[in-house]
Amino acid sequence: MADKVRNTAAEALAGVLTDGMTIMAGGFGLCGIPENLIAAIRETGVKNLTVVSNNCGVDEFGLGILLGGGQIKKMISSYVGENKLFEQLYLSGQLELEFNPQGTLAERIRAGGAGIPAFFTKTGVGTLVAEGKEVREFDGELYVMERGLKADLSIVKAWKGDAEGNLVYRKTARNFNPMMATAGAATVAEVEELVPVGMLDKDEIHTPGIYVDRIFQGATFEKRIEQLTVRARAEKEPV
């Protein structure tokens, strides 16, 4: 078995980053994002990246720090509403954007990981999403063809992992991470807890280690809340 364990995010990324590459980054909003790997990519200064991710983080956090560093050339996403810099760069023509319905994006990634080059979906038929794409009729209904997505590198974040690269995600973090882990030519995983081989319940493993090339235990996890909404505690009525 190849030694997949690395000590830091920088070590885990050594030799796999190049200018102009396509990177898939797991997470949903700020939940389940590979914080340490994103920070390490920022430090390398690699540029002209195409990034496939549900969103682009927020200003100055998550993928937003790569955007702020001028390292991202194109985003393939489904939601970008929490990042003011993203809006400015896109509207000024400095950032390319390929917008996808969220379910379509998820299926494109899953298809890429499964070796499926394309599929047909009803989502987007008759809209801008379908422009320039093949539309075909099945059983009297129109469907638009979408291509599977693959990446040069996938970076994912899991709750637990072992030295073989087996991963377990926790709750909402089990979003784009599992499918992205299968769709990268190389996959690097950061985990909150790295356990010895055999400690994970086999029935609870979400990503088998065969998909993971390198793994490390993250140094810190800030886990910011994207939108914090609070309300005043109601005063208790007198008895």
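Q: What is the relative accessible area of glutamate 107?
A: The relative accessible area of glutamate 107 is 27%, and this residue is partly exposed. Buried stands for under 20% relative accessible area, exposed for over 50%, and partly exposed for anything in between, with a 1.4 Å probe and protein chains only.

Q: What sort of model is this?
A: This is a predicted model, in which local features need pLDDT of at least 70 and side-chain atom pairs count only at pLDDT 80 or more, while totals for chains, interfaces and linings use all residues. Numbering starts from 1 along each chain as its sequence is written, and side-chain values use heavy atoms, leaving out hydrogens and water.

Q: OK, back to glutamate 107. Which side chain meets it in a salt bridge?
A: Arginine 110 does, at 2.8 Å from N to O. A salt bridge here has a side-chain nitrogen of Lys or Arg within 4 Å of a carboxyl oxygen of Asp or Glu.

Q: How many salt bridges does the whole structure have?
A: Searching the whole structure gives eight salt bridges.

Q: Which residue pairs with lysine 122?
A: Glutamate 141 forms a salt bridge with lysine 122, and their closest N and O atoms are 3.5 Å apart. Lysine 122 is in the loop between β5 (118–121) and β6 (135–138), whereas glutamate 141 is in strand β7 (residues 141–147), so this pair ties together parts that are 19 residues apart in sequence. Lysine 122 is partly exposed at 43%, and glutamate 141 is partly exposed at 37%.

Q: What about lysine 133, which partner does it meet?
A: The side chain of lysine 133 meets that of glutamate 146 in a salt bridge of 3.0 Å, N to O. Lysine 133 sits in the loop between β5 and β6 and glutamate 146 in strand β7, so the pair ties together parts that are 13 residues apart in sequence.

Q: Is glutamate 146 buried or exposed?
A: Glutamate 146 is buried, with a relative accessible area of 2%.

Q: Which residues are joined into one network?
A: Lys74, Glu98 and Arg108 are, through salt bridges that share partners.

Q: How many bridges join β1 to β2?
A: Three bridges join strand β1 (residues 22–25) to β2, and these strands run parallel too. Valine 52 in β2 is the bridge partner of methionine 24.

Q: Are the faces of β2 buried or exposed?
A: Both faces of β2 (residues 49–52) are covered. Leu49 and Val51 are buried on one side, and Thr50 and Val52 on the other.

Q: Last one: where does valine 80 lie?
A: Valine 80 is in the loop between β3 and α4 (84–91). At 18% relative accessibility, valine 80 counts as buried.

Note on methods: Helices (H or I, at least four residues) and strands (E, at least two) are DSSP runs, numbered from the N terminus. Two strands pair if DSSP finds at least two bridges between them.
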